[in-house]
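Subject: Structure for you to look at

Hello,

Here is the structure I promised to pass on. Please open it first, then read my notes below.

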Amino acid sequence: MDFREEVGLTSEVVELNMGPQHPSTHGVFRVVLQLDHETIVSARSVIGYLHRGTEKIAENLQYFKVIPYTDRLDYLAPLSNNLAYVLAVEKLLGITDDIPERAKYIRVILAELSRIESHLVWLGSHATDIGAVTVFLYAFREREKIYDLLEELTGQRMNNAFLRIGGLMADFPEGFEEKVRHFVDQFPKTLRDLENLLTKNPIWLNRTKGIGVIPKEKALDLGATGPVLRGSGIAYDVRKYEPYCVYDRLSFDVPTGTHGDVYDRYLVRMEEMRQSVSIIRQCLDQLPEGDVLINDFKVVPPPKSRVYASIEEMIHHFKHFTEGVLPPKGEVYASVEGPKGELGFYIVSDGTGKPWRVRIRPAAFMNIQILEHILPGHYIADAVAIIGSLDPVLGEVDR
């Protein structure tokens, strides 16, 4: 019995490769579709085109040298990736409670700016996939404003590598807090403009409501997290259930959907951006003065001014850049609520200056496997909307 007879089809089944180079697969990703006319009968995800061996590379580097490699995971939110990794190493070193308060607040501000910029890229590209090109222009204009801020702070627009084990590379420059506040004050108006373009648009509703439904049981079984899981009605958020930095001092809601379709996932991400604005405002209001880097020269290098004036500091400097930090033997797992969902790092230490094992738990990798379960029964055009609603970034999927 051939395939079409097995599934009870009378017409000829056609196999179609969607990707690996395709504008609506949001990266180098391939979906092999079996079609009966325009109806999807089955789908198979094929990944690995972007594999770089990040985990094995990390096992051959000193701990602090791994930070720039985390930028290339979800390359739309590098500072969130930095945060997940440094939290894991700090947990391994036992210095989580020693991180300066100012550094913790700034980390949250940067993480939430990253969430907004990532969701804006998702919104612009997702809307364009479905045909709403104007939304792309609004969304990317706001994203550029965030990039301007990050460029002033870190020197780079993407792949910022700004966080450090023990704190941050540097403090906010003079006047930077006011610029961030100005952004979060004007951004909600643009968000309302975007919602006015889409939320009640009949074409948008036809393309998204009832499409790509993920039942909450299926979302749980397949390990979905982030907006994909919350769109199915489950209010799980790492920031609430396992707070890190200062999230336990902040007030914010966890938006959820009711039907688990493409439309609900859209609504969840739109509300998440509004909640991120609230979180950033609270952090700016509570932001204390003080250092942004731990004062322990076994973890961070001493300032250059002290290196040139003290033999002890020169020794610390030399040992830091030749040996790196030396955590005790053990294993840890730490995670953050990234824009795509739970991003975690599992690290095993053998007591040397390099991790013995690094394993990344990428949200997009877990979410994208759902495609095979929800694409059958939809049209090809629906596949474009469904893939976009999962917001995959293949740098995180393939690693």
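Ile311 is found in helix α14, which covers residues 311–322. Keep in mind that this is a predicted model. Is Ile311 buried or exposed? Its relative accessibility is 62%, so Ile311 counts as exposed. The cut-off for exposed is over 50%. Ile311 also belongs to a nonpolar patch on the surface. Met314 and Ile315 are the other members of that patch. Together, the three residues have about 300 Å² of accessible area.

Next, look at helix α12. This helix runs over residues 262–286 and has 25 residues. How far apart are its end C-alpha atoms? They are 36 Å apart. At 1.5 Å a residue, α12 should span 36 Å, so the two values agree. Helix α12 is mostly covered, with 18 of its 25 residues buried.

Now the cysteines. A disulfide is a covalent bond between the sulfur atoms of two cysteines. Cys283 is in no disulfide either, and its nearest cysteine sulfur is that of Cys245. Cys245 has a relative accessible area of 17%, so this residue is buried. Cys283 is buried too, because its relative accessible area is 0%. The cut-off for buried is under 20%.

Best wishes

Methods
Residues are numbered from 1 along each chain as its sequence is written. This is a predicted model: local features need pLDDT of at least 70, side-chain atom pairs count only at pLDDT 80 or more; totals for chains, interfaces and linings use all residues. Side-chain values use heavy atoms; hydrogens and water are left out. Helices (H or I, at least four residues) and strands (E, at least two) are DSSP runs, numbered from the N terminus. The expected span of a helix is 1.5 Å times one less than its number of residues. Buried means under 20% relative accessible area, exposed over 50%, partly exposed in between (1.4 Å probe, protein chains only). Patches are made of residues with over 30% relative accessible area and no salt bridge: like charges are joined within 9 Å, nonpolar side chains (Val, Leu, Ile, Met, Phe, Trp, Tyr) within 5 Å. Accessible areas come from the Shrake-Rupley method with a 1.4 Å probe; for residues, only the protein chains shown count as cover. A salt bridge is a side-chain nitrogen of Lys or Arg within 4 Å of a carboxyl oxygen of Asp or Glu. A disulfide is a pair of cysteine sulfur atoms within 2.5 Å.
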